[in-house]
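Please walk me through the aromatic pairs and the side-chain contacts in this structure, with the cut-offs behind each term.

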Amino acid sequence: MHSIKLPAEALPSQPWVQRLLPKRLWCQALLIQCVSMLLMTGLAPGVINSVFAFELRSLGIQLDSIWFWLLPHLCVVSVLARAARMPAWWRWIHVAFPVAVVFMQQVALPASVYFAGFVMTLALYWSVHNTRVPFYPSFPATWRALQRILEQHAGDQSLKVLDIGSGIGDIAMFLAKQRIHDEVSGIEIAPLPWAVSAVRALFSGTSVKFTLGDYRAIDFASLDVIFAYLSPAVMQDVWQKVQQEMRPGCLFVTSEFPVPDIQAEHIVFPSANSPALYVYLKK
């Protein structure tokens with residue numbers, strides 16, 4: 001396995017906008033939303049009292065409506081998020097969140113609905129602000145591709161397999177059913193997905209086990225295969241742990257997000273609509 005090193009001149013310089021923003025993505029998102037709202041608040045009186053206000057109202061445009069100012073707000077936050085080079089899924093959040101807030105303000109729902117939504121969201125995205133790993137569901141094509149990788153690697157020989165960030169347990173339970181001699185387990189830090197996976201495991205008819213916790217607390221030395229579907233933000237940290245603790249000849253397989261600057265032994269494409277699997281052999 002060979003590392004791919006970029007020359008210094010090829011490394012992209014950090015944009016000035018990104019240097020001004022806080023390091024944590026949720027802080028960046030909050031700051032961008034606040035800056036845009038302050039800009040809209042400053043522009044609104046001038047537009048409402050301008051000479052064009054009468055013409056705009058004659059066209060049926062309500063200048064004092066929050067929906068009128070929502071569109072320019074979405075444009076501003078989108079531009080700022082792109083300038084800050086935030087991940088694509090954060091840019092979608094920048095657009096969806098204000099629309100959802102305005103819409104929910106127009107709907108008379110009891111406070112208990114919001115509280116229930118808060119509790120479920122908290123349980124699902126328990127520590128995304130710390131781990132930088134959102135919830136990513138895997139695809140059946142990915143499960144089958146990983147099974148084939150294990151069969152090519154060890155055949156019928158039993159393996160000890162761990163799915164880090166196991167979510168609701170789909171891939172771990174699939175492997176446990178298909179490879180009955182393997183010891184398959186998963187670890188998930190968010191309480192709600194872990195609870196779902198633990199209940200499913202009770203009725204799965206397999207020996208699969210799910211642990212609530214952080215993969216960083218687990219010793220990788222006893223494992224033969226580690227599967228991860230996490231995020232680009234943590235791949236370097238996971239790889240360092242793999243290098244330090246896993247035994248030579250073991251596999252590290254990651255879905256969609258490769259290890260930065262490290263060439264994979266194999267790249268497997270499960271299907272046209274499924275993310276690629278990057279297979280690394282510990283040497």
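Isoleucine 218 sits in the loop between strand E3 (209-212) and strand E4 (225-228), where helices (H or I, at least four residues) and strands (E, at least two) are DSSP runs numbered from the N terminus. This is a predicted model, in which local features need pLDDT of at least 70 and side-chain atom pairs count only at pLDDT 80 or more, while totals for chains, interfaces and linings use all residues. Residues are numbered from 1 along each chain as its sequence is written, and side-chain values use heavy atoms, with hydrogens and water left out.

With 25% relative accessibility, isoleucine 218 counts as partly exposed, a class that lies between buried (under 20% relative accessible area) and exposed (over 50%), with a 1.4 Å probe and protein chains only. Leaving aside neighbours within four places in sequence, isoleucine 218 is in contact (heavy atoms within 4.5 Å) with Leu162, Ile187, Lys241 and Glu245. Lysine 241 also lies over the face of phenylalanine 220, at 4.8 Å from the ring centre; a charge sits over a ring if NZ of Lys or CZ of Arg is within 6 Å of the ring centre and within 35 degrees of the ring normal.

Across the whole structure, 5 aromatic pairs are found; rings of Phe, Tyr and Trp (its six-membered ring) pair if their centres lie within 6.5 Å, and planes under 30 degrees apart count as stacked, over 60 as edge-to-face and the rest as tilted. The rings of tryptophan 143 and phenylalanine 174 have centres 5.7 Å apart and planes at 45°, so this pair is tilted. Tryptophan 143 and phenylalanine 174 are both buried.
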